[in-house]
Amino acid sequence: MAVRRLAAMRVTGLRRREGRVHYPMRCVTSPTFRFCRAAGPIALIALSGCAGGVATIGPPRMPKVAPGAPVPAEPKVTASEVLATASARVAQDDFAGAADALGALPAAERVGVARELAESAAARDPWRAGRLAVAMPEGDPQAAAAEVVVRAMLARDPDATVRWALAATDPAAGFAVRRAVAEQFVQGDATAALERFTAVPISPERDSLLALAAAAWVRHDRTTALAWGRALPAGETRALAISSMGFEIAQTAPERAVDVAETLTEGHDRLKLFSAI
């Protein structure tokens with residue numbers, strides 16, 4: 001067989017086309033195969049030749065990975081199941097455990113379960129149910145439980161209800177129960193409620209209760225509430241009541257809150273109210 005002549009091609013350097021690297025080749029031809037040797041990698045091209053003296057080397061194929069087994073979804077816990085678990089813990093006086101049980105539910109479902117727990121406990125013993133309300137998760141679940149419990153307490157002993165609210169020292173729980181007490185009292189005889197609260201010895205808890213009651217009253221009956229606040233003798237109690245009413249009014253009618261602020265004497269409360277308007 002005659003020996004074929006080797007055809008030499010000039011190396012012109014690397015070129016790029018369509019994201020691939022092209023190596024100019026020297027090609028050697030035989031009767032059965034052709035092979036091209038690049039300046040770097042070696043490419044064997046079976047009976048295909050080096051078109052235009054250029055071989056195209058693409059990126060390596062990615063290995064095929066078998067799909068993994070699907071991750072089983074965690075079973076959804078129903079509100080009824082959580083209520084049963086929490087109720088069992090309440091029966092054992094494990095109020096913190098009852099609150100923890102609510103964590104298995106989405107936030108939107110916790111309020112209803114907290115309310116049902118409080119209703120069941122308050123029907124038996126409102127004061128024991130008060131411990132449950134304080135232990136509930138902060139926010140809407142705690143507020144819902146406190147509202148139910150306070151209603152049951154007021155039906156039995158209003159004075160004891162006020163003492164219970166003033167004894168709550170945890171910031172979040174204290175705010176929730178005092179707001180519930182303020183709202184419930186104001187829905188009855190608001191004037192009598194505010195006078196009851198002003199007669200309580202001064203303390204941070206008493207001031208919180210008075211402020212929440214004043215805000216609730218002005219929300220329900222602005223004219224009467226403001227008239228009562230302005231009639232109070234000058235002093236810290238008057239300033240607290242009127243500034244609380246002013247802050248509540250400023251949420252919806254800032255222009256009217258200006259008139260309220262004008263009734264305050266020069267000082268910190270007046271400055272704070274004007275800053276909020």
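Is Lys 76 buried or exposed? In this predicted model, Lys 76 has a relative accessibility of 61% and therefore counts as exposed, since the cut-off for that class is over 50%.

The chain contains 13 helices and 5 strands. It has 277 residues, and 38% of them count as buried. Its exposed surface comes to about 16600 Å², with carbon and sulfur atoms supplying 55% of that area. Among contacts with a separation of 6 or more, 52% are between residues 24 or more positions apart.

The structure holds 7 of them. In one, the side chains of Lys 76 and Glu 109 meet with an N to O distance of 3.8 Å. The two partners sit in distant parts of the chain, 33 residues apart: Lys 76 belongs to the loop between β5 (54-57) and α1 (79-91), while Glu 109 belongs to helix α3 (residues 107-124). Whereas Lys 76 is exposed, Glu 109 counts as partly exposed, because its relative accessibility is 30%.

Another salt bridge joins Arg 196 and Asp 159, whose closest N and O atoms are 2.2 Å apart. Arg 196 is part of helix α8 (residues 190-198) and Asp 159 is part of helix α6, so this pair ties together parts of the chain that are 37 residues apart in sequence. Both partners fall into the partly exposed class: Arg 196 has a relative accessible area of 30%, and Asp 159 has one of 43%.

A further salt bridge is formed by Asp 207 and Arg 206, with 2.8 Å between the closest N and O atoms. Here Asp 207 is partly exposed, at a relative accessible area of 26%, but Arg 206 is buried, at 3%. Elsewhere, salt bridges with shared partners connect Glu 183, Arg 219 and Glu 248 into one network.

Helix packing can be followed in two pairs. Helix α5 (residues 140-156) and helix α6 (residues 158-167) have axes 6 Å apart and pack at an angle of about 140°. Angles over 145 degrees would count as roughly antiparallel, and α5 and α6 are therefore described as oblique to each other. On the α5 side, the contact is made by Val 149, Val 150, Met 153, Leu 154 and Arg 156; on the α6 side, by Pro 158, Thr 161 and Trp 164. Sorted by class, this contact of α5 with α6 has 6 nonpolar residues, 1 polar residue and 1 charged residue.

The other pair consists of helix α9 (residues 204-220) and helix α10 (residues 222-231), whose axes come within 6 Å and cross at roughly 140°. These helices, α9 and α10, are therefore likewise oblique to each other. From α9, the residues Trp 217, Val 218 and His 220 meet Arg 222, Thr 224, Ala 225, Leu 226 and Trp 228 of α10. The contact of α9 with α10 divides into 5 nonpolar, 2 polar and 1 charged residues.

Gln 142 is located in helix α5. With a relative accessibility of 4%, Gln 142 counts as buried, because the class takes in values under 20%. Once residues up to four places away in sequence are set aside, Gln 142 touches Ala 133, Val 134, Met 136 and Pro 137, and also Ala 172, Ala 173 and Ala 176.

Leu 194 belongs to helix α8, the helix that also holds Arg 196. Leu 194 has a relative accessible area of 0% and is buried. Which residues is Leu 194 in contact with, leaving aside its neighbours within four places in sequence? They are Val 186, Leu 210, Ala 213, Ala 214, Trp 217 and Trp 228. Trp 217 and Trp 228 also take part in the contact between α9 and α10. Finally, Leu 194 and Gly 229 are 35 residues apart in sequence, and their C-alpha atoms are 9.6 Å apart in space.

Definitions and conventions
Residues numbered from 1 in each chain as written. Predicted model: local features only at pLDDT ≥ 70, side-chain atom pairs only at ≥ 80, totals over all residues. Heavy atoms only, no water. Axes fitted to C-alpha atoms, helices over the stretch in contact; angles between N-to-C directions. Helix = DSSP H or I, 4+ residues; strand = E, 2+ residues; numbered from the N terminus. Parallel < 35°, antiparallel > 145°, perpendicular 65-115°, else oblique. Contact = heavy atoms within 4.5 Å. Nonpolar A, V, L, I, M, F, W, Y, C, P; charged D, E, K, R; others polar. Buried < 20%, exposed > 50% of the residue type's maximum accessible area, 1.4 Å probe, protein only. Areas by Shrake-Rupley, 256 points an atom, 1.4 Å probe, with all protein chains shown as cover. Salt bridge = Lys/Arg side-chain N within 4 Å of Asp/Glu carboxyl O.
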